[in-house]
Amino acid sequence: MSFLNNVITGVSLGSIYAIIALGYTMVYGIAKMLNFAHGDVIMVGAYVCFFAMNSAGLPPVVGVLLAIVVCTALGVVIERLAYKPLRAAPSLAVLITAIGVSYLLQNGAQILWGAATKTFTPIVSTDPDARLVLIPGQLSISYVAILSIVCCVVVMAALTLFTGQTKMGKAMRACSEDKGAAQLMGINVNSTISMTFAIGSALAAVAGVLMCSAYPILSPTTGSLPGIRAFTAAVFGGIGSIPGALLGGVLLGVIETFAKAYISTDLSDAVVFAVLIIVLLVRPAGLMGKYVPEKV
Amino acid sequence: MLKVNDINVYYGAIHAIKGVSFEVNDGEVVTLIGANGAGKSTTLNTVCGLLHSRTGSIEFLGRNLAAVPAHKMVELGMAHVPEGRRIFQQMTVEENLEMGAYTQPRAGIPANLERVYEQFPRLKERRRQVAGTLSGGEQQMLAMGRGLMSNPKLLMLDEPSMGLAPILVEQIFEIIKRLHQAGTTILLVEQNARMALSVADRGYVLETGKIVATGTGDELLHDEAVKKAYLGG
């Protein structure tokens with residue numbers, strides 16, 4: 001049964017990775033940049049929710065909504081101020097800027113909220129008894145795990161519908177393929193990029209709250225490690241691909257949990273990255289990354 | 001309809017377009033011909049706002065385009081079918097066409113789709129197919145159909161025959177003739193001078209960023225200098 005328990009833990013952790021990975025992969029798909037500040041937006045979301053619940057005494061739902069609103073705005077502002085002026089700059093300049101924004105957010109959080117770690121109040125009960133018991137005494141799922149998996153499924157379904165069926169979503173796909181041609185269709189590329197950042201950052205807020213509910217330690221660097229793992233998940237699944245982010249995230253969560261359970265807690269990251277290297281050697285575009293040959 | 005007056009375009013230090021002026025009247029097919037690198041595509045990209053001229057003016061339907069961003073040109077009635085087709089390879093044929101109608105009211109799209117499918121029956125057969133799997137000729141048809149989806153007053157075609165087998169080139173020019181007969185105003189950029197001049201009302205010859213000759217399609221087809229340089233003697 002411990003195997004099944006590990007699978008459940010892995011999938012729920014992976015669901016959170018997948019939600020974060022979506023932010024990386026969508027922004028990469030449209031803006032062709034790696035937004036390394038994405039992980040820190042997660043942290044901001046978690047802090048907003050924390051203060052809404054603990055200082056203002058608001059109910060968890062309001063805390064989450066507030067975190068989504070703040071992170072969405074933050075994402076759009078970051079894009080507007082830091083990345084948009086560099087639209088024509090070499091990608092290395094954008095990458096360095098993203099790393100700079102990441103430090104700015106971490107240090108800003110430290111000034112505003114202090115460096116000391118805070119204990120996050122989970123938005124659903126994590127009491128050891130408050131679990132969905134499948135087989136008494138052997139197999140059970142915590143409510144946070146259930147919530148993470150449900151959120152991930154809902155987000156995936158919503159995004160699939162959005163990019164596949166709506167005009168705005170199709171315009172987004174058009175932009176990700178060819179911005180010049182998209183412009184010729186009358187699509188406003190700048191507002192499309194803004195919207196991508198808005199969606200990605202809103203998802204980061206959700207992921208931040210879920211992450212901190214499952215692992216209730218909050219500090220200004222809370223977002224960086226999950227951010228990097230989720231970025232790995234995005235590459236793993238094929239960066240730019242939305243189903244790839246789901247697959248990469250879940251696999252990464254499961255591999256990480258298994259490595260911790262059966263190999264060594266200390267080596268879990270090493271195992272994760274070893275698997276990534278092997279996947280990239282065999283499939284350089286990632287598991288679901290597509291290579292479309294150009295016709296002339 | 002379109003009036004281009006003395007434009008100068010630079011790529012960094014390179015002076016690519018040197019004082020080019022031309023115009024396209026309502027219902028005409030006008031062609032810009034010239035060798036590789038003469039500045040044909042640069043001229044088109046400047047007209048549609050992707051590049052900018054340092055001097056002169058571009059007027060479309062009496063409106064100065066200087067301050068109009070590229071993504072607003074479609075709304076004004078200008079459709080640009082770019083060089084190399086640049087269809088959205090990972091989207092389906094129908095999604096590509098829908099993107100062409102991005103600025104159009106939703107209600108008019110089904111009728112437009114029908115019209116384009118009538119013009120290009122092959123696209124209708126393949127409407128659910130991913131565009132990257134089409135042949136080169138079909139992709140060109142898709143690019144042109146996508147341009148027509150916005151009900152353009154002016155259709156600009158950049159090298160529609162590029163890279164196509166001779167029989168497909170014939171087909172593409174047949175379509176251009178049909179569109180012309182249906183009243184579409186077309187600005188056609190081509191390296192295939194003979195084909196372009198045979199369908200055009202008027203033509204301009206571009207050479208290293210300057211217009212060196214102009215006349216009706218027939219005049220240019222029989223012009224000695226043009227014959228020598230572009231029509232193989």
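Let's start where the two chains meet: this predicted model has 3 salt bridges between chain A and chain B. For one of the salt bridges to look up yourself, find A:Arg173 and B:Glu95, whose side chains meet at 2.8 Å, N to O. Charged partners aren't the whole story, though. Counting residue pairs in polar contact between chain A and chain B, with both residues at pLDDT 80 or more, gives 7.

Which parts of chain A face its partner? Two elements each give two or more residues to the side that touches chain B: α6 (167–177) and α7 (179–184) of chain A. Of these, α6(A) gives the most, with 7 residues. If you sort the chain A residues on that side by type, you get 11 nonpolar, 5 polar and 8 charged.

Now step back and take in the whole contact. Chain A puts in 24 residues and chain B puts in 30 residues. Between them, about 2,400 Å² of area is buried, and carbon and sulfur atoms give 57% of that.

Next, let's head for the nonpolar cores. The largest one has 110 residues, and the members that touch the most other members are A:Tyr83, A:Ile187, B:Leu2, B:Phe22, B:Met78, B:Met99 and B:Leu187. Ignoring neighbours within four places in sequence, B:Leu2 is in contact with B:Phe22, B:Met78 and B:Leu187, among others. The list of B:Leu2 contacts also includes B:Glu23, B:Val24, B:Val47, B:Ile58, B:Glu59, B:Phe60 and B:Leu154. Apart from this core lies another one, of 46 residues, with B:Leu134, B:Met141, B:Ile175 and B:Val205 among them.

Terms used:
Residues are numbered from 1 along each chain as its sequence is written. Chains are lettered from A and ligands numbered from 1 in the order in which they are written. This is a predicted model: local features need pLDDT of at least 70, side-chain atom pairs count only at pLDDT 80 or more; totals for chains, interfaces and linings use all residues. Side-chain values use heavy atoms; hydrogens and water are left out. A nonpolar core is a set of buried Ala, Val, Leu, Ile, Met, Phe, Trp, Tyr and Cys residues joined through side-chain atoms within 4.5 Å. Buried means under 20% relative accessible area, exposed over 50%, partly exposed in between (1.4 Å probe, protein chains only). Contact means heavy atoms within 4.5 Å. Buried area is the accessible area (1.4 Å probe) that two parts lose on being put together, summed over both. A salt bridge is a side-chain nitrogen of Lys or Arg within 4 Å of a carboxyl oxygen of Asp or Glu. A polar contact is a pair of N or O atoms within 3.5 Å; within protein, one must be able to donate a hydrogen and the other to accept it, and residues adjacent in sequence count only if both atoms are side-chain atoms. Helices (H or I, at least four residues) and strands (E, at least two) are DSSP runs, numbered from the N terminus. Ala, Val, Leu, Ile, Met, Phe, Trp, Tyr, Cys and Pro count as nonpolar, Asp, Glu, Lys and Arg as charged, and the others, Gly among them, as polar.
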